[in-house]
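Here is a short briefing for a first look at this structure. Keep the sequence and the 3D view open while reading.

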Amino acid sequence: MAPEKRERCGAVVKISKRFLTTQGIRKWDTLSIMPVRRYNIESQARFLTFSCYHKLQLLGDPFARDLLVTQIEDQRKSLGFRMLAWVIMPEHVHLLVVPERGEVGAVLKAIKQGFARRLLAKYRKEQNPMLEQMRDARGKAHVWQRGGGYDRNVRDQAELEKFVGYIHMNPVSRGLVDRPMDWGWSSAKDYQGGQGVIELWRG
Ligand code: NI
């Protein structure tokens, strides 16, 4: 297939061979990316970042990260969005996704609400002292920072590769692991030819 093939509502951009090689991928086909900066357009990749309430490290333990992984994977199956890369850090999350019909709100809502409900239920049951720090002025406990977080449309292949690299380097930059693939809660392993815990879109 030609490197760039125009379609009615976007362009199919082929990931460069060089990038695939550096990421250890042999057979990843094409990714659909809109080359313009617009919101809610079909086939456009989105770089999403969202954080825990008041930057609390609510994702600091493996149990919480595993719970979020399950939530993301369940919602990926039911909502049909495509996952390109992801990382779960102790107090924030980065996702590179292509939402179904371009609607990213439903993806975020489903992931965040489901996780918050489960984590709060667990914390309440065990009377976790963290609950006190999660309360707002009215006494309501929050898991996520309010607002949509950070949301960027990925315009082209170069930007896509930059985001993938950035996402996977998060745990290394933070000093949590030496190599991206040593962090179990990201898609770095998939890019090294392995199978991660969330199924990535492979074209
Ligand atoms: Ni980060």
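From the N terminus on, the protein chain runs β-β-α-β-β-α-β-β-α-α-β-α. That comes to five helices and seven strands. The model is predicted, and the protein chain averages a pLDDT of 81.

**Confidence**

- Of the residues, 78% score a pLDDT of at least 70.
- Among the elements, helix α4 (residues 130–133) has the highest mean pLDDT, at 96.
- Strand β1 (residues 4–7) has the lowest, at 32.
- Over residues 1–15, pLDDT stays under 50. The model has 29 contacts beyond four places in sequence for this stretch.
- Residues 23–42 also stay under 50. For them the model has 53 contacts beyond four places in sequence.
- Where pLDDT is low, the predicted coordinates should not be read in detail.

**The chain as a whole**

- The protein chain has 203 residues, and 32% of them count as buried.
- Take the contacts between residues at least 6 apart in sequence: 66% of these join residues at least 24 apart.

**The sheet**

- Four strands form an open sheet in the order β5-β6-β4-β7, with antiparallel pairing.
- The edge strands are β5 and β7, and each pairs on one side only.
- On average, neighbouring strands of this sheet are turned by 10° against each other, direction ignored.
- Strands of a sheet pair through backbone hydrogen bonds, either parallel or antiparallel.

**Strand by strand**

- β5 and β6 form a hairpin, with three residues between them. Six bridges join these antiparallel strands. In this pairing, W86 has L95 in β6 as its bridge partner.
- Strand β4 (residues 46–51) and strand β6 (residues 92–98) run antiparallel and are joined by six bridges. F47 has L96 in β6 as its bridge partner. L48 stands opposite L95 in β6.

**The nonpolar core**

- The largest nonpolar core has 40 residues.
- Which of them touch the most other members? They are L59, L84, W86, I88, L96, V97 and V143.
- Several elements give two or more residues to this core: the strands β4, β5 (82–88) and β6, and the helices α2 (62–79), α3 (104–125) and α5 (157–173).
- In soluble globular proteins, nonpolar side chains tend to be buried together.

**β6 and its surroundings**

- Why is β6 largely enclosed by the rest of the structure? Six of its seven residues are buried.
- Within the sheet, β6 stands between β5 and β4 in the strand order.
- Helix α5 lies across β4, β5 and β6. It runs at about 30° to β5.
- β6 also gives two or more residues to the largest nonpolar core, and L96 and V97 are among the residues that touch the most other members.

Note on methods
Residues are numbered from 1 along each chain as its sequence is written. This is a predicted model: local features need pLDDT of at least 70, side-chain atom pairs count only at pLDDT 80 or more; totals for chains, interfaces and linings use all residues. A residue is buried if 20 or more other C-beta atoms lie within 10 Å of its own, exposed if 12 or fewer, and partly exposed in between; C-beta atoms are placed from the backbone. Two residues are in contact if their C-beta atoms, placed from the backbone, lie within 7 Å. Two strands pair if DSSP finds at least two bridges between them. pLDDT is the predictor's confidence in each residue, from 0 to 100. A nonpolar core is a set of buried Ala, Val, Leu, Ile, Met, Phe, Trp, Tyr and Cys residues joined through C-beta atoms within 7 Å. Axes are lines fitted to C-alpha atoms, for helices over the stretch in contact, and angles run from 0 to 180 degrees between N-to-C directions.
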